[in-house]
Amino acid sequence: MIAWPRSFFALARLGLIAVTVTACGTASGYLTPSGTTTTLMAGWEHHFLIDWTVEPEQGGARRIRGYVSSQHGESAEPVRLLVQALDSSGAVVGQRIGWVTGGVNGFQRAYFEITNLASAGQYRVFVWDYTFLQNPGSGWL
């Protein structure tokens, strides 16, 4: 059996942390929404409907409040939404990703709020990503 010095393990741990942080930094750039990238889940419109309104907040910011309704029989959790604020030409002037707390149960709806949005002429709301929870009796592990 090889007796490794303690400094070897400390150096190995530091190397692993550095690789993990670098990988996360690279991945986060890929997952950033843009004016044309509005979801990570193509076809989300087949599973969810979104009903929302815009309300003023203090300081000129805006708040989006509404409901996400599931058109699918399985619960979805986590669920995140992307809200984009658009100027009069349709260019994105602000955006935020927010959570639907507790997810959305199958064939039901869940309330959401996304605050501190830029004041804009119009807004768009998309399902950014979600995960369907498999029913324990469905055969999936």
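Analyst: In this predicted model, three strands form an open sheet in the order 4-3-6, and their pairing is antiparallel. Strand 4 and strand 6 stand at the edges; each has a single partner strand, so one side of each is left without a neighbour in the sheet. From one strand to the next, the twist averages 15°.

The account may now turn to strand 3, taking its two pairings one after the other. Strand 3 covers residues 76-86. Its pairing with strand 4, which spans residues 92-99, runs over seven bridges in the antiparallel sense. Within this pairing, alanine 85 stands opposite glycine 94 of strand 4. The two strands form a hairpin, with five residues between them. Glycine 90 lies in the turn of this hairpin and has a positive phi of about 90°.

On the pairing with strand 6, residues 122-132, nine bridges join the two strands, and they too run antiparallel. Two positions illustrate this pairing: leucine 86 stands opposite glutamine 122, and alanine 85 stands opposite tyrosine 123.

How far is strand 3 enclosed by the rest of the structure? Eight of its eleven residues are buried, so strand 3 is largely enclosed. As for side chains, in a regular strand they alternate between the two faces of the sheet.

Arginine 63 belongs to strand 2, which comprises residues 62-70. Its relative accessibility is 18%, and because buried means under 20%, arginine 63 counts as buried. The side chain of arginine 63 makes polar contacts with two glutamate side chains: one with glutamate 57 at 2.9 Å, and one with glutamate 113 at 2.5 Å. Leaving aside residues up to four places away in sequence, arginine 63 touches a set of residues that includes both of these glutamates. Among the others it touches are Thr53, Val54 and Glu55, as well as Ile114, Thr115 and Leu117.

How values were computed: Residues are numbered from 1 along each chain as its sequence is written. This is a predicted model: local features need pLDDT of at least 70, side-chain atom pairs count only at pLDDT 80 or more; totals for chains, interfaces and linings use all residues. Side-chain values use heavy atoms; hydrogens and water are left out. Helices (H or I, at least four residues) and strands (E, at least two) are DSSP runs, numbered from the N terminus. Buried means under 20% relative accessible area, exposed over 50%, partly exposed in between (1.4 Å probe, protein chains only). A polar contact is a pair of N or O atoms within 3.5 Å; within protein, one must be able to donate a hydrogen and the other to accept it, and residues adjacent in sequence count only if both atoms are side-chain atoms. Contact means heavy atoms within 4.5 Å. Two strands pair if DSSP finds at least two bridges between them. Axes are lines fitted to C-alpha atoms, for helices over the stretch in contact, and angles run from 0 to 180 degrees between N-to-C directions.
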